Amino acid sequence: MHARVVAATAAAVLGTVALLLSPTSDARAGEVGETTVIAHRGASAYAPENTLASIDKAAQLGFTWVENDVQRTKDGELVVIHDDSLQRTTNVEQVFPDRAPWKVKDFTAAEIARLDAGSWYSPAYAGTRVPTLRDYMCRIEHNHEKLLLEIKNPELYPRLEQQILKQLGNEGWLDQKHLRRLIVQSFSADSIRTVHELRPAITTAYLGSPTAAQMHQYARFTDLINPSYGSLSKGYVSAVHSFEGPHDEPLRVFAWTVNDAATARRVAGYGVDGMITNKPDVVKAALGSN
């Protein structure tokens, strides 16, 4: 919750952190160590994103951590999809041509279940569906995977945090064993603060790059700071690590979205704790381990 006692020079580091934010600075500093690799929307370079096929592919490649995005249908069902519109990743325009702009929140779960969420990616995945969160969690459990769950567009869905937590509880994912396999993240600081207040035992992550002056505030309710890799430097990562989160552990950093070997090696040199990637096998090979 506060700066680590052992980090006596943290204030000095934070005072100069703005000078260290260039993504090219310290690119070769440090050695590649143990880094968590998270399959972004599943192994989304190899199967349609945020589908059961994508998390099955991640499992086949040997990766346990997967990331997803959760939104809500018109009739209150939680579904796993990234965009607030169904247009990019389904055939909604063909099935419901008069329903533009095809927002997730304007369709019932039964209507979304009719859509093809795989053909846009490849004919081999024709007939793939947008999964409900319930079905998704069942598959995660079956695959013995771990989940980085993103609360997507919470401003569109009142009390989305409460509903997701209830669903996780119903699926048995809020016991001690499962909490070790779960991180909840969002671009909304208010959303993550709400999750922490309602379920303090859950590991939480903020998607973004808080300033040096803001970091102590975020450390009250989040365990990880997850920025775009392009905003990172070794100095920034060190500054984040100098704070303790709500579970009395140093804040960690997962960088997104790292998809090539050169970037993976550079970002590893900054000292990040994890990388979120569409190509987990490429990143793993670049790092030498996951």
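**Ground rules.** I'm working on a predicted model, where local features need pLDDT of at least 70, side-chain atom pairs count only at pLDDT 80 or more, and totals for chains, interfaces and linings use all residues. Residues are numbered from 1 along each chain as its sequence is written, and side-chain values use heavy atoms, with hydrogens and water left out.

**Ring pairs.** I searched the whole structure and got six aromatic pairs. Rings of Phe, Tyr and Trp (its six-membered ring) pair if their centres lie within 6.5 Å; planes under 30 degrees apart are stacked, over 60 edge-to-face, and the rest tilted.

I looked up F96 with F107 and found them edge-to-face, at 5.3 Å centre to centre and 65° between the planes. Both sit in the loop between α3 (92-95) and α4 (109-113), 11 residues apart; helices here are DSSP runs of H or I with at least four residues, numbered from the N terminus. I checked burial too: F96 and F107 are both buried (under 20% relative accessible area, 1.4 Å probe, protein chains only).

Next I took Y218 and F221: the planes are at 45° and the centres 5.6 Å apart, so I log the pair as tilted. Y218 is buried at 12% relative accessible area, and F221 is buried at 5%.

I also noted one aromatic cluster formed by W120, Y121 and Y125.

**Charges over rings.** My criterion is NZ of Lys or CZ of Arg within 6 Å of the ring centre and within 35 degrees of the ring normal. F221 turns up again here, with the charged end of R193 over its ring, 4.5 Å from the centre. I also found K284 over the face of F63, 5.6 Å from the ring centre.

Technical notes. Helices (H or I, at least four residues) and strands (E, at least two) are DSSP runs, numbered from the N terminus. Buried means under 20% relative accessible area, exposed over 50%, partly exposed in between (1.4 Å probe, protein chains only).
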